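Subject: Structure handover

Hello,

Here is the structure for you to take over. Please open it first, then read my notes below.

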Amino acid sequence: MGAALALSLRARGRTAPNPNVGCVIVSDGRVVGRGWTQPGGRPHAEAMALAEAGERARAATAYVTLEPCAHESPRGPACSDLLIAAGVARVVVALRDPDPRTDGKGLARLAAAGIETVTGIGESAARGAMAGFLARQALGRPHVTLKLATSLDGCIATADGESRWITGPESRAHAHLERSRHEAILVGRGTLEADLPKLDVRLAGLEDRSPRRILLSSRAPAPDGWERIAAPQEVAALHGVDHILIEGGAATASAFLAADLVDRLLIYRAPVLIGGGVSALGDIGLSTLGDVHGRWALSDRRQLGTDLLEIYQRVRS
């Protein structure tokens with residue numbers, strides 16, 4: 001299942017509105033098929049893995065990060081039917097599909113065909129890998145990641161607005177990897193006017209994964225090649241966007257936090273002190289200490305060159 005989850009991450013940010021699924025087929029202790037959801041959502045991971053496995057899929061075990069689909073589609077057959085036709089003996093699923101068109105039906109169809117099913121293996125990791133699809137299903141909006149690159153004292157720029165570069169090359173490379181895993185990236189009008197950012201992916205081999213560029217502004221028109229929304233809540237209406245990355249600036253970050261629309265925080269912290277610079281955040285609508293505790297949980301911490309990256313997840317009931 002760990003291998004299937006790693007494969008699913010290859011497709012993150014490229015499959016909306018379909019989930020980014022990974023699949024591994026094992027026969028006699030050997031991997032005979034691997035697959036992940038292809039750009040645009042088709043073919044599905046199971047179809048790719050079964051095509052690679054061929055006849056070796058018969059009596060094999062399929063490890064899939066999401067319940068195989070059961071609904072009909074003009075774009076291809078249901079994956080539960082493909083697994084049955086291939087003659088697999090066992091299907092191990094990380095997460096049940098919340099899409100009402102499948103929700104439990106795929107597993108039931110497999111079981112009715114005499115295939116052993118196991119669920120819940122790697123469920124937590126699968127939820128993280130497919131956070132965008134799950135956010136769309138549960139909340140009707142994309143999964144929102146906020147990126148902050150700060151000094152030790154929480155500044156994102158000097159007092160005169162200079163911000164290139166607070167963090168080092170390793171942090172910037174990681175940030176470009178994050179861009180490649182999102183369908184869209186958003187900045188505010190101030191960042192656009194001050195920096196004219198390209199917001200593309202500049203990592204060798206991933207240049208074609210540059211996300212759609214979104215401007216948050218209630219009045220400024222979007223430049224050519226950009227889209228505009230007037231309020232944070234309007235990210236819900238961005239078609240084909242299940243993951244969106246917020247990159248700046250302070251007013252935009254604060255607006256999304258005040259609206260409680262941020263699901264994940266990426267905080268790149270450089271070992272520098274600025275003093276008197278531009279703060280990373282303004283007012284986010286929390287007035288008492290009782291309101292601020294228990295909202296964020298640390299999920300990862302790593303060293304990137306001289307910088308420290310901390311990743312936090314929003315704690316929701």
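Predicted model: local features only at pLDDT ≥ 70, side-chain atom pairs only at ≥ 80, totals over all residues.

Start with helix α1, residues 2–10. Its buried residues are A4, L5, L7 and S8. Seen down the axis of α1, they fall within an arc of 160 degrees, so they line one face of the helix. In general, an α-helix has 3.6 residues a turn, so residues three or four places apart point the same way. What covers the buried residues of α1? The cover includes strands β1 (22–27), β2 (30–36) and β3 (61–64), along with helix α5 (123–129).

Next, the sheet. Eight strands form an open sheet with mixed pairing. Their order is β10-β9-β8-β11-β6-β12-β15-β14. Which strands stand at the edges? They are β10 (226–229) and β14 (296–304). Each has a single partner strand, so one side of each is left without a neighbour in the sheet. From one strand to the next, the twist averages 25 degrees.

Look inside the sheet at β12 (264–269) and β15 (307–314). They run antiparallel, joined by six bridges. I267 stands opposite E310 in β15.

Helix α7 (169–180) lies across β6, β8, β11, β12, β14 and β15. It runs at about 160 degrees to β12.

Last, a helix pair. The axes of α3 (79–86) and α4 (105–112) come within 9 Å and cross at roughly 20 degrees. The two helices are therefore roughly parallel to each other. The crossing is right-handed. S80, D81, L83 and I84 in α3 meet G106, R109 and L110 in α4.

Best wishes

Notes: Residues numbered from 1 in each chain as written. Heavy atoms only, no water. Buried < 20%, exposed > 50% of the residue type's maximum accessible area, 1.4 Å probe, protein only. Helix = DSSP H or I, 4+ residues; strand = E, 2+ residues; numbered from the N terminus. Arc of directions from axis to C-beta. Contact = heavy atoms within 4.5 Å. Pairing = 2+ DSSP bridges. Axes fitted to C-alpha atoms, helices over the stretch in contact; angles between N-to-C directions. Parallel < 35°, antiparallel > 145°, perpendicular 65-115°, else oblique. Left-handed = near helix turned anticlockwise from the far one by under 90°.
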